[in-house]
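This report is meant for a reader who has not seen this structure before. Please have the sequence and the model at hand while reading.

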Amino acid sequence: MLYPEATLEESRAMKGRLGAIAFAVLRGLKEGGASADELATTEALMTRCFEQLSDHDCDVLVEVVETRLEEASEHGAWDASEKLAGRLTMPEAHIVHDALQQQGIETEIRHEHLSSGDFPNPNTDVELWVRADDLPRAKELLSAIDTQSAETVRCPECDAENPAHFGQCWSCSAVLSREAAAPAAPAADDAEG
Ligand SMILES: [Zn+2]
């Protein structure tokens with residue numbers, strides 16, 4: 001949220017390291033329609049409270065608030081996310097996810113079916129989402145990732161298809177040893193009859 005310059009000055013006038021917290025609380029109450037008396041009472045209570053905090057408690061409180069603010073902006077970043085790719089198979093999605101992660105780009109795999117009772121369809125419509133800011137670079141990198149030629153292996157436990165380099169099944173976390181896992185055979189559509 002952007003505050004005008006005057007409001008920033010006002011926030012600097014609040015005393016102590018916890019002034020910003022007091023300011024945020026008062027600002028919220030004010031916008032919520034609290035009266036001047038209520039604001040004054042709250043401010044007095046907070047000032048008295050904060051004065052009684054030890055330096056250590058003060059540090060803890062500041063740390064908690066900073067963490068929460070970071071989490072909030074993190075959440076906000078994903079709100080502004082864009083779909084990078086859709087209609088991927090699960091191995092493709094994981095290959096791209098890992099490749100982009102190595103380049104410092106976080107991706108979010110959506111429409112995953114990971115619950116144990118839910119047998120995953122490898123042709124499920126899996127989507128990869130990235131933060132809006134990362135989209136141009138992610139698209140560029142994506143075009144260089146060849147997901148089609150990537151080797152896959154089937155999980156001996158749940159039969160899910162996995163990228164050949166995976167040590168653990170993405171679906172059931174079973175260990176994928178190269179000896180135990182047979183290469184995935186192409187689907188035999190004309191096998192019946
Ligand atoms: Zn598995």
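**Layout**

The model is a predicted one. The protein contains six helices and five strands. Read from the N terminus, the order of its elements is α-α-α-α-β-α-β-β-α-β-β. The protein has 193 residues, of which 17% count as buried. Among contacts with a separation of 6 or more, 55% are between residues 24 or more positions apart.

**The sheet**

Three of the strands form an open, antiparallel sheet, in the order β1-β3-β2. The edges are held by β1 and β2, and each of these has a single partner strand, so one side of each lacks a neighbour in the sheet. On average, and ignoring direction, neighbouring strands of this sheet are turned by 25 degrees against each other.

The pairing of β1 with β3 runs over five bridges. The pairing of β2, residues 107–110, with β3 runs over four bridges. Some of the bridge partners are listed here.

| Residue | Bridge partner in β3 |
|---|---|
| Glu82 | Val130 |
| Leu88 | Val126 |
| Ile109 | Leu128 |

Helix α6, residues 135–144, lies across β1 and β3 and runs at about 25 degrees to β1.

**The core**

Which residues touch the most other members of the largest nonpolar core? They are Ala93 and Leu128, in a core of 19 residues. At least two residues of this core come from each of β1 (81–88), α5 (90–102) and β3 (126–131). The largest share, five residues, is supplied by α5. As a general matter, nonpolar side chains in soluble globular proteins tend to be buried together.

Leaving aside residues up to four places away in sequence, Leu128 touches Leu84, Ala85, Leu88, Ala93, Val96, His97, Thr107 and Ile109. Of these, Ile109 is also the bridge partner of Leu128.

**Helix α2**

Helix α2 covers residues 19–31 and has 13 residues. From the first C-alpha to the last, α2 reaches 18 Å, close to the 18 Å expected at 1.5 Å a residue. Its buried residues are Ala22, Phe23 and Leu26. Seen down the axis of α2, these buried residues fall within an arc of 100 degrees, so they line one face of the helix. Gly28 and Glu31, on the other side of α2, are exposed. After α2 comes Gly33, with a positive phi near 95 degrees.

Most residues other than glycine have a negative phi. Where in the model does Asp159, which has a positive phi, lie? Asp159 is in the loop between β4 (152–154) and β5 (161–163). The phi of Asp159 is about 75 degrees. Asp159 has 14 other C-beta atoms within 10 Å and is partly exposed.

Ser173 also has a positive phi, near 65 degrees, and is a residue other than glycine. Ser173 is located in the segment after β5. Is Ser173 buried or exposed? Ser173 counts as exposed, because it has 12 C-beta neighbours inside 10 Å, and a residue with 12 or fewer is placed in that class.

Notes: Residues are numbered from 1 along each chain as its sequence is written. This is a predicted model: local features need pLDDT of at least 70, side-chain atom pairs count only at pLDDT 80 or more; totals for chains, interfaces and linings use all residues. A nonpolar core is a set of buried Ala, Val, Leu, Ile, Met, Phe, Trp, Tyr and Cys residues joined through C-beta atoms within 7 Å. A residue is buried if 20 or more other C-beta atoms lie within 10 Å of its own, exposed if 12 or fewer, and partly exposed in between; C-beta atoms are placed from the backbone. Two residues are in contact if their C-beta atoms, placed from the backbone, lie within 7 Å. Two strands pair if DSSP finds at least two bridges between them. The expected span of a helix is 1.5 Å times one less than its number of residues. The arc is that of the directions from the helix axis to the C-beta atoms. Axes are lines fitted to C-alpha atoms, for helices over the stretch in contact, and angles run from 0 to 180 degrees between N-to-C directions.
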